[in-house]
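Here is a short briefing on one protein model. Keep the sequence and the 3D view side by side as you read.

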Amino acid sequence: MMKHLRHSYIGLVMVFLYMPIAVLILYSFNASKSRSVWAGFSLRWYRDLFSNELILTSLYNTLVVALCASVIAVILGTAAAMGIYSIRNRWFKSAIMNVTYMPILNPEIVMGVSLLLLFVSVNQVGAGITAVTGVPMPELNLGYATLVIAHVTFCTPYVILNVLPKLRQMDKYVYEAALDLGCSPAMAFFKVIIPEIMPGMATGFLMALTYSVDDFIISYFVSSATSQTLPVTIGAMVRKRISPEINALSAIIFVVVLAALLVINLSAARRERLLQKKQGGGR
């Protein structure tokens, strides 16, 4: 009885979570613009999607910014995690960790406004230096650069928090053993430490990529008219009317993410089975 109740509960949760997505995918094939009337099966909105320059440009901006920000966040976050791990003063380490949590806990509206004010202040300081010295200073105009900087700001803490547990799990004497066996510090870092913390780096990269692609509020404040990301474009479109092209795009994104998750999970399960077979054969 309890088993059936558990299965029923899990089924209801899955229906609650995925029913809206199923309805969205269904209506992406609706021949009509109506969200309440089914007018027949059609691929019209998928054809219109791939001819909509605004949506495709916004999608391109989103992917470029997300990839750049995620790569930079992984580099900075990994270096920061190693620095935090090496701190011996408990109180200082606690203070640094509290600072690390702040971009995660801060409301996005606060982050967006503060970053916008920061970029405006940088331009004002540059203009003041130019006025005093006569040397023209480059301007930090809203666009791709400000988007990447902003996304790196809120993505880096996720990388730090994923890499730190892997550093704690690593045997600290392995690095010293590699040095004793003739490795240079750089070689020991790339051959010993990086493989040990790679799962944390990969998880941090995927989380940074996900949050960057999904971000709306911060991107709204730090983007320009020519560098809008997809969430900002969709937000502007929703104010008028939800286009069925958005349904088609959301369906494609959902299928791509689902396929990626299936490939990752199946690959991990396959590696685990091979490892178990090797261990069983060794015995």
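A salt bridge is a side-chain nitrogen of Lys or Arg within 4 Å of a carboxyl oxygen of Asp or Glu. The model here is predicted. By this rule it has 1 salt bridge. The points below cover that pair, then the pockets and the cavity.

**Salt bridge**
- Asp 48 and Arg 44 form the salt bridge through their side chains, at 3.7 Å from N to O.
- Both residues sit in helix H2 (residues 44–49), 4 residues apart, which is about one turn of the helix.
- Asp 48 is partly exposed, at 24% relative accessible area.
- Arg 44 is also partly exposed, at 33%.

**Largest pocket**
- The largest pocket holds about 890 Å³ of space.
- Two or more lining residues come from each of helix H3 (53–86), helix H8 (185–214), helix H10 (230–238) and helix H11 (244–282).
- H11 gives the largest share, 9 residues.
- Of the 24 lining residues, Leu 63, Thr 210, Val 213, Ile 253 and Val 257 lie nearest the centre.
- The lining has 20 nonpolar, 3 polar and 1 charged residues.

**Second largest pocket**
- This pocket holds about 280 Å³.
- H3 and helix H7 (172–180) each supply at least two lining residues.
- Its lining includes Met 82, Tyr 85, Lys 172 and Glu 176.
- By class, the lining has 6 nonpolar, 1 polar and 3 charged residues.

**Cavity**
- The whole structure has 1 cavity of 30 Å³ or more.
- The largest cavity has a volume of about 40 Å³.
- Among its lining residues are Tyr 27, Lys 33, Arg 35 and Pro 244.
- The lining divides into 3 nonpolar, 4 polar and 2 charged residues.

Key:
Residues numbered from 1 in each chain as written. Predicted model: local features only at pLDDT ≥ 70, side-chain atom pairs only at ≥ 80, totals over all residues. Heavy atoms only, no water. 1 Å grid on protein atoms, 1.4 Å probe; cavity = no way out; pocket = protein on both sides within 12 Å on 5 of 7 lines; lining within 4 Å. Points joined across faces, edges and corners; volume = space filled by probe spheres on them. Nonpolar A, V, L, I, M, F, W, Y, C, P; charged D, E, K, R; others polar. Buried < 20%, exposed > 50% of the residue type's maximum accessible area, 1.4 Å probe, protein only.
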